[in-house]
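Subject: A structure for you to explore

Hi there,

Here is the structure I promised to hand over. Please open it beside this email and follow along as you read.

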Amino acid sequence: MIDDDNEPSIEERVSAFRGDDWEDEMRAVLDEGEYDTELGIQMARDARRLVAGELEEADFHERYHDAVVEEFGVDDRPLETSDESAASGHLPVAAETDEEELERREVLQKMGAAGAFVGLGAWATAENRDESASAEAAASDEDDPNRQWGMVIDLDKCDGCLSCVIACSQENQTSAGSNWMYVFTYEDDDQDGENFLVRTCQMCTNAPCEKVCPTTARHTRTEDGLVLTDYDVCIGCRYCQVACPYGVNYFQWGEPDVPGSEIDPHHAYDDRGRWVDSRPPKGVMGKCTMCPTRQDDPDRRGTTGCEDACSMDAIYFGDMNDPESDPNQYLETVREENPTDRETFANRPSDRVSTFRLLEELGTEPNVVFVGNEPGPNAKQVEGPVSYEEMGQVDRRKDVLDEETFAGGVFS
Ligand code: SF4
Ligand code: SF4
Ligand code: SF4
């Protein structure tokens, strides 16, 4: 455990980005739900200390074990990150009617977290069990044990057109206001004109959202490092939302805009047979997934909906552990002192080629690298060149955060 009085605490560092009142806001978030608010707040606080190296994993586990069991009837938090321990017994289900989907959710929530693990098989059929087995066999050949999907996003190329936002929402059939991809337009004292921050889930290797999940619904897919939510296991406690410092989680309060009967099962279940893709059902947490069913498909592996839609070529998705991948090759190019492709960098003065990871100092080990300037603490969100409303989207964050600084806006 690190104990250095000269260093700002992890809470001070989070507050510097999220604003002093983030904890009150998160308390209000949890008060809306049915689970213990103070437990969620305390676990989130300590999960941040855990990922920052200020608390040991075993201490974190022990500190909350009894309270988690008391609240949820079970404590399935793994001591080491492993989605395999959470995966047992999970089988794919056929595309459900909306009633079936709702019934399953209600039953699972009544059964509690433990029931979710033993009860799910009741919905699986022999037919789709077979499909799962063959899919897993097919996928195993393609697996690279060192793969870590992530992105490089060049903020200087972004023109704020929102094409990525629309593409993600259409591909994943998310409900209005659930902007898994979000483009912030901001002004900053230290930067000229309009600037953009293009924000997905940061796919943290050391993800605090995962540390607090009592059911292991939020887990890392071991074969490629994607941080995903198993919709069949999530009980909607929202602890992950509070623990995430990036504000990328969207809880599905009501019935989704797109009914379950319109979701393609091939775009819902990954190769392990876990329901982790497309929009979540009612009462379940959603966020950017980095498109796992694309990554399972040999013909579409290494692509995402938002990257495909970006006409500015600002998004580079790929394996962050592979020096030859698109994102790493792009990074290598921009880090060269004198890039040869001047046209690509026409809008970027040569002294402005910088890269950063959001809130990297928190210890989350994000797998999204940005090219361009990092927004400062006094940056302020402004209307972008294209409004969310113009594009048929709902921008709830902008409404709520209009009067706030960038720090509060981005990370709340
Ligand atoms: S994934 Fe679901 S069960 Fe896990 S912390 Fe988030 S809301 Fe709770
Ligand atoms: S950005 Fe948030 S939700 Fe995504 S992996 Fe990191 S902590 Fe979890
Ligand atoms: S990676 Fe996939 S889920 Fe994430 S923002 Fe892009 S299209 Fe949406």
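Let me start with one term: a residue is near a molecule or strand if its C-beta atom, placed from the backbone, lies within 6 Å of it. Keep in mind that this is a predicted model, in which local features need pLDDT of at least 70 and side-chain atom pairs count only at pLDDT 80 or more, while totals for chains, interfaces and linings use all residues. Residues are numbered from 1 along each chain as its sequence is written, and chains are lettered from A and ligands numbered from 1 in the order in which they are written.

The score pLDDT is the predictor's confidence in each residue, from 0 to 100. Its average over the chain is 79, and 71% of the residues score at least 70. Two stretches stay under 50: residues 1-6 and residues 99-141. Two residues are in contact if their C-beta atoms, placed from the backbone, lie within 7 Å. Beyond four places in sequence, the model has five contacts for residues 1-6 and 60 for residues 99-141. Where pLDDT is low, the predicted coordinates should not be read in detail.

**The chain as a whole**

The chain has 15 helices and 11 strands. Here helices (H or I, at least four residues) and strands (E, at least two) are DSSP runs, numbered from the N terminus. A residue is buried if 20 or more other C-beta atoms lie within 10 Å of its own, exposed if 12 or fewer, and partly exposed in between, with C-beta atoms placed from the backbone. By that count, 48% of the 412 residues are buried. Among contacts with a separation of 6 or more, 72% link residues 24 or more positions apart.

**Around the ligands**

For the classes below, Ala, Val, Leu, Ile, Met, Phe, Trp, Tyr, Cys and Pro count as nonpolar, Asp, Glu, Lys and Arg as charged, and the others, Gly among them, as polar.

- Ligand 1 has 14 residues around it, and Cys213, Ala217, Cys234, Cys237 and Cys240 come nearest. Its shell has nine nonpolar, three polar and two charged residues.
- Ligand 2 also has a shell of 14 residues, of which Cys201, Gln202, Cys204, Cys209 and Cys244 come nearest. This shell has 10 nonpolar, three polar and one charged residues.
- Ligand 3 has 13 residues around it, with Cys168, Met181, Cys288, Gly305 and Cys306 nearest. Seven are nonpolar, five polar and one charged.

Which domains supply the shell around ligand 2? At least three residues come from each of domain 2 (84-144 + 206-294) and domain 3 (149-205 + 300-411). The shell around ligand 3 likewise draws at least three residues from each of domain 2 and domain 3. These domain bounds come from an automatic or database domain assignment. Helices α8 (163-172) and α12 (305-309) each give at least two residues to the shell around ligand 3, and α8 gives the most, with three.

**The strands**

Strands of a sheet pair through backbone hydrogen bonds, either parallel or antiparallel. Two strands are said to pair if DSSP finds at least two bridges between them.

Three strands form an open sheet with antiparallel pairing, in the order β3-β2-β11. Its edge strands are β3 (191-199) and β11 (380-381), each pairing on one side only. Strand β2 (residues 182-188) is joined to β11 by two bridges, and Glu187 stands opposite Lys380 in β11.

Is strand β1 (residues 149-154) enclosed or open? Six of its six residues are buried, so β1 is largely enclosed by the rest of the structure. Trp149, Met151 and Ile153 lie on one face, with Gly150, Val152 and Asp154 on the other. Five bridges join β1 to the antiparallel β8 (residues 315-319), where Phe317 stands opposite Met151.

**Two aspartates to look up**

Asp322 sits in the loop between β8 and α13 (326-335). It counts as partly exposed because it has 15 C-beta neighbours inside 10 Å. Asp322 and Arg147 are 175 residues apart in sequence, yet their C-alpha atoms are 7.5 Å apart in space.

Asp326 belongs to helix α13 and, with 18 other C-beta atoms within 10 Å, is partly exposed too. Leaving aside neighbours within four places in sequence, Asp326 is in contact with Tyr316, Phe317 and Gly318.

Happy exploring!
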